[in-house]
Amino acid sequence: MNDKWHYLLKLFNIKNYQEEIILNGNKFYININCKNKNSILIGKKGYTISALQNLLITYLETKFKRNYQIVINVNNYLNIQKQNFKIRIYEIIKKIRISKEMFHFESMPNNQRKIIHEIVKNIEGISSFSEGIG
């Protein structure tokens, strides 16, 4: 997988970076640090990271006939994003508890929906679910 990953970085014209690739069972963790804070690898709302993860998962599953998970974290984006979601969710929950109305997030990649569901499952009296296709 390492050579395919480096090929993708080359396609995105990413040159000055440090990387760490960790394999734990069937889960790859790829940490990238680039000079550009708003790296092209992140993309708008994290859609590029999500697409790269899906592309690598498809490649690995096709080649090795096994299920894989891939987590790509560029410039600590996932941790920053999780903190931002946490702050936003707690603000939204205050409004929900007052208004007693449901809240709908904008469309987002599946890895972001997963973060929201993980945060909400630990909040008493609040639940979350996904709607639509994808």
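**Loops, sheet and helix packing in a predicted model**

Asn 75 lies in the loop between strand 3 and helix 3. Helices (H or I, at least four residues) and strands (E, at least two) are DSSP runs, numbered from the N terminus. The structure is a predicted model, in which local features need pLDDT of at least 70 and side-chain atom pairs count only at pLDDT 80 or more, while totals for chains, interfaces and linings use all residues. Residues are numbered from 1 along each chain as its sequence is written, and side-chain values use heavy atoms, with hydrogens and water left out.

The phi of Asn 75 is near 50°, a positive value in a residue other than glycine. Asn 75 is buried, because its relative accessible area is 17% and buried means under 20% relative accessible area, with exposed over 50% and partly exposed in between (1.4 Å probe, protein chains only). Asn 13 also is not a glycine and has a positive phi, of about 60°. Asn 13 is found in the loop between helix 1 (2–11) and strand 1. With 52% relative accessibility, Asn 13 counts as exposed. As background to both residues, most residues other than glycine have a negative phi.

The protein contains four helices and three strands. From the N terminus on, its elements run α-β-β-α-β-α-α. Along the principal axes, the C-alpha trace spans about 50 × 35 × 25 Å. Of the 134 residues of the protein, 34% count as buried. Contact is taken as heavy atoms within 4.5 Å. Among the contacts with a separation of 6 or more, 57% are accounted for by residues 24 or more positions apart.

The three strands form an open sheet with the order 1-2-3 and mixed pairing. Strand 1 and strand 3 are the edge strands, and each pairs on one side only. From one strand to the next, the twist averages 10°. Two strands are taken to pair if DSSP finds at least two bridges between them. Strand 1 (residues 17–24) pairs with strand 2 (residues 27–34) in the antiparallel sense over eight bridges. Within this pairing, Glu 19 has Ile 32 of strand 2 as its bridge partner. The hairpin of strand 1 and strand 2 has two residues between the strands, and Gly 25 in this hairpin takes a positive phi near 70°. Strand 2 pairs with strand 3 (residues 69–74) in the parallel sense over six bridges. Here the bridge partner of Lys 27 is Gln 69 in strand 3, and Asn 31 stands opposite Asn 73 in strand 3.

Two packed helices are described by the angle between their axes and the distance between the axes. Helix 3 (residues 77–99) and helix 4 (residues 110–120) pack at an angle of about 50°, and their axes are 10 Å apart. Axes are lines fitted to C-alpha atoms, for helices over the stretch in contact, and angles run from 0 to 180 degrees between N-to-C directions. Helix 3 and helix 4 are therefore oblique to each other, since angles under 35 degrees count as roughly parallel, over 145 as roughly antiparallel, 65 to 115 as roughly perpendicular and the rest as oblique. The crossing of helix 3 with helix 4 is right-handed; a crossing is right-handed if the near helix is turned clockwise from the far one by less than a right angle, and left-handed if anticlockwise.

On the side of helix 3, the contact is made by Tyr 77, Leu 78, Gln 81, Lys 82, Phe 85, Lys 86 and Ile 89. Helix 4 contributes Asn 111, Gln 112, Ile 115, Ile 116, Glu 118, Ile 119 and Val 120. The contact residues divide into eight nonpolar, three polar and three charged (Ala, Val, Leu, Ile, Met, Phe, Trp, Tyr, Cys and Pro count as nonpolar, Asp, Glu, Lys and Arg as charged, and the others, Gly among them, as polar).

Lys 82 is placed in helix 3 and is partly exposed, with a relative accessible area of 33%. Leaving aside neighbours within four places in sequence, Lys 82 is in contact with Ile 115, Glu 118 and Ile 119. Lys 82 and Ile 119 are 37 residues apart in sequence and 8.7 Å apart in space, C-alpha to C-alpha. In helix 4, the buried residues include Asn 111, Gln 112, Ile 115, Ile 116, Ile 119 and Val 120. The cover over the buried residues of helix 4 includes helix 2 (47–64) and helix 3.
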